[in-house]
Amino acid sequence: MKLLKGEKIRLRAIEPTDVDLILDWENNTDNWEVSGTLAPFSREIISKYVSNAHLDIYKAGQLRLMIEELTTGKTVGTIDIFDFDPFHQRAGLGILIADKSDRNNGYSKETLQLVCEYCFSHLNLQQLYCNILSDNTVSLRLFEKAGFTISGTQKRWIKSGSKFKDQHFLQLFNNS
């Protein structure tokens with residue numbers, strides 16, 4: 001389990017007790033802009049998702065890990081490995097630290113380090129990618145510090161209110 005444990009956090013599998021937490025996070029409209037959500041999720045849908053979370057990443061094509069703070073045991077967020085493609089050896093990443101009070105504590109940085117190591121050494125991936133809105137300077141800085149580079153920009157890609165925002169496409173390659 002050392003592979004998914006750092007100094008501040010550990011990454012763990014989804015548990016049935018996480019349904020309410022995930023339901024709150026998925027239905028928080030503040031997160032919809034970056035998640036692409038257009039309508040709320042029902043408890044039944046989230047419960048089904050959680051009950052299938054045990055599926056192997058090779059079958060499901062995705063893996064969600066919960067970010068748990070080590071000293072308190074509080075679940076502070078989640079990281080998703082999505083669009084898992086073992087043939088092309090790549091996957092996308094998305095991270096959420098849910099409460100603003102839990103941000104800027106190094107949880108995202110450590111989570112990203114652990115997941116990149118897991119994806120490159122355990123899943124044998126050659127590249128990871130993410131999409132970040134151009135005005136999300138905090139996330140851009142986080143991923144760039146982790147070695148990701150902007151390889152493209154999708155202009156006017158995400159509708160936000162009555163305006164459109166650019167979205168950057170970032171990649172990190174396994175150079176080992």
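Reader: Which residue of E3 is the bridge partner of Glu68?
Author: Happy to start there, with a note that this is a predicted model, where local features need pLDDT of at least 70, side-chain atom pairs count only at pLDDT 80 or more, and totals for chains, interfaces and linings use all residues. Residues are numbered from 1 along each chain as its sequence is written, and side-chain values use heavy atoms, leaving out hydrogens and water. Strands (E, at least two residues) and helices (H or I, at least four) are DSSP runs numbered from the N terminus, and two strands pair if DSSP finds at least two bridges between them. E2 and E3 run antiparallel, joined by 6 bridges, and the E3 partner of Glu68 is Thr75.

Reader: And which residue has Glu68 as its bridge partner in E2?
Author: E2 also pairs with E1, in the antiparallel sense and over 4 bridges. There, Glu68 of E2 is the bridge partner of Arg10.

Reader: Which residue takes a positive phi in the hairpin of E2 and E3?
Author: This hairpin has 5 residues between the strands. The positive phi, near 80 degrees, belongs to Gly73.

Reader: How many residues of E2 are buried?
Author: Buried means under 20% relative accessible area, exposed over 50%, and partly exposed in between (1.4 Å probe, protein chains only). Leu63, Leu65, Ile67 and Glu69 point one way from E2, while Arg64, Met66 and Glu68 point the other way, and all are buried. In a regular strand the side chains alternate between the two faces of the sheet. For E2, the buried count is 7 of its 7 residues.

Reader: Why do the buried residues of H1 line one face of the helix?
Author: The buried residues of H1 are Val19, Ile22, Leu23, Trp25 and Glu26. Taking the directions from the helix axis to the C-beta atoms, these buried residues fall within an arc of 165 degrees, so they line one face of H1.

Reader: Is the ring pair of Phe82 and Tyr129 stacked or edge-to-face?
Author: Rings of Phe, Tyr and Trp (its six-membered ring) pair if their centres lie within 6.5 Å; planes under 30 degrees apart count as stacked, over 60 as edge-to-face and the rest as tilted. Phe82 lies in E3 and Tyr129 in E5, so the pair ties together parts that are 47 residues apart in sequence. Phe82 is partly exposed at 25% relative accessibility, whereas Tyr129 is buried at 10%. The ring centres are 6.0 Å apart and the planes at 85 degrees, so the pair is edge-to-face.

Reader: With which side chain does that of Thr37 make a polar contact?
Author: Thr37 sits in the loop between H2 and H3 and is buried, at 10% relative accessibility. A polar contact is a pair of N or O atoms within 3.5 Å; within protein, one must be able to donate a hydrogen and the other to accept it, and residues adjacent in sequence count only if both atoms are side-chain atoms. At 2.8 Å, the partner of the Thr37 side chain is that of Ser35.
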